Amino acid sequence: MTKATNKMKNMFTTENIRCLSSWAGLDKETTDEIIKFSQRILKNDEYLRIFEHTHQGLYFAENYSLKEDDEFVSIQAELQEDAGKYNLLLALSGIPGALEIHRQRNIPENISRDTLKDISVWTKFFRGKNIIGVAAETLNWCKGYLTGKLFRLGRLQFKYCQFYDIYVFRNRTSGKTIALLQGNTVLNNKGLYDGTNGVFDENAWTSKLEINDRLANGFPIKPDGYASKKLISLSLDEWEKILIPGNPMLDIHIPADGSMSNEACTESIAQANHFFSKHFPELHFKGFVCRAWFLDPQLNNILPASSNIVKFQHSCYLFPTSGGETNTITRVFGGEYINTPNAELPRDTSLRRAIADFMKKGGRPGMGAGFFLKEDLPWRINAYRQ
């Protein structure tokens with residue numbers, strides 16, 4: 001590709017940018033800034049060519065990587081403080097393709113707008129860091145909804161994924177649910193991933209799992225997210241295997257623009273169940289899964305029962321996963337506080353105080369994961385902890 005097409009040039013008209021900005025939920029100030037900057041791209045044939053090249057790679061190439069695209073990396077460095085505006089234009093350029101996918105799936109306009117306004121969530125976040133636009137790495141996240149794979153439905157966002165890490169069984173008589181660790185998982189004495197945050201337990205142990213025609217032998221995970229060292233044996237005459245790695249699921253994400261009340265989450269998950277069953281019937285998803293810093297089971301011991309985080313945890317069947325404290329610190333305090341002495345961490349909210357105090361006493365946050373089966377809907381507290 002040596003010259004930008006007229007179609008791509010039309011992307012930079014003031015009318016078109018205002019239209020796309022409306023879909024993205026951008027405020028007038030940001031829109032005006034982007035319109036002004038777009039003329040710089042439009043008047044430079046090389047910038048325009050690279051823009052179209054990146055657009056094609058980002059939205060249409062299977063194995064495209066922004067960080068491995070030398071031209072994209074080069075223009076980021078050249079534009080310096082204006083790189084965020086360039087990236088925001090790349091995000092806006094994906095909206096027409098997303099809307100066409102939505103049209104083909106008969107997705108209502110209000111859901112399209114709710115989904116695409118996530119772009120504005122990110123522009124507000126970066127505005128707080130004195131950046132107009134979005135960072136390059138944010139484009140990889142935006143790609144999910146700009147290629148029709150992720151949708152916002154009420155408070156939460158959802159996308160198709162495959163289940164991972166554990167096997168789930170249900171008693172054919174009582175309906176009780178038990179999760180077993182997959183084999184060769186190394187855990188610490190608490191029953192969480194060993195080596196998290198570079199900390200290794202001298203009493204670490206390794207899980208085993210054997211499933212044959214009659215039995216499933218393995219180490220169970222309690223619904224609170226901790227694995228047990230006690231090997232158990234499940235008779236498959238009494239226990240049905242209902243969820244295994246690779247099964248289709250809906251991955252839950254929580255946008256950073258509101259509270260995660262249990263009521264809002266319950267409504268959102270009910271909406272997702274209806275939405276994906278109607279508009280993506282071929283997925284045949286078995287339930288919902290979430291992997292996040294706020295599912296670290298240790299938080300249950302340092303936050304009050306009234307906390308929305310604790311309520312969300314108690315609505316899932318938690319299980320161990322990899323990942324350390326960096327994500328927690330970034331989300332709760334801000335990326336600038338990574339490697340900051342504990343005494344300097346802000347304590348201006350109850351959540352920040354609780355986590356800072358936990359770390360002051362030697363605690364190290366990590367990641368956690370949880371699932372909720374479709375057949376167990378509606379989403380509710382203590383569905384698996386009775």
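These legends describe close-up views of one predicted model. Local features need pLDDT of at least 70, side-chain atom pairs count only at pLDDT 80 or more, and totals for chains, interfaces and linings use all residues. Residues are numbered from 1 along each chain as its sequence is written, and side-chain values use heavy atoms, with hydrogens and water left out.

**View 1. The hairpin of β1 and β2.** Strand β1 covers residues 150–153, and strand β2 covers residues 156–162. Helices (H or I, at least four residues) and strands (E, at least two) are DSSP runs, numbered from the N terminus. β1 and β2 pair in the antiparallel sense over 4 bridges; two strands pair if DSSP finds at least two bridges between them. R152 stands opposite Q157 in β2. L150 and R152 point one way from β1, F151 and L153 the other way, and all are buried. Buried means under 20% relative accessible area, exposed over 50%, partly exposed in between (1.4 Å probe, protein chains only). The hairpin has 2 residues between the strands, and G154 takes a positive phi near 75 degrees.

**View 2. Q298 in a loop.** The loop runs between β13 (287–292) and α12 (308–315). Q298 counts as buried because its relative accessibility is 11%. Leaving aside neighbours within four places in sequence, Q298 is in contact with residues including K190, Y226, F358 and R364. Contact means heavy atoms within 4.5 Å.

**View 3. P248 in strand β12.** This strand spans residues 248–253. P248 is buried, with a relative accessible area of 18%. Beyond neighbours within four places in sequence, its contacts include Y160, C161 and H284.

**View 4. Two edge-to-face pairs.** The whole structure holds 28 aromatic pairs. In one of them, the ring centres of W122 and F125 are 5.9 Å apart and the planes stand at 85 degrees, so the pair is edge-to-face. Rings of Phe, Tyr and Trp (its six-membered ring) pair if their centres lie within 6.5 Å; planes under 30 degrees apart count as stacked, over 60 as edge-to-face and the rest as tilted. W122 and F125 are 3 residues apart in helix α9 (residues 118–127), about one helical turn. W122 is buried at 19%, whereas F125 is partly exposed at 43%. F163 and F319 are also edge-to-face, 5.9 Å centre to centre with 70 degrees between the planes. F163 lies in the loop between β2 and β3 (166–171) and F319 in strand β14 (residues 317–319), so this pair ties together parts 156 residues apart in sequence. Both F163 and F319 are buried.
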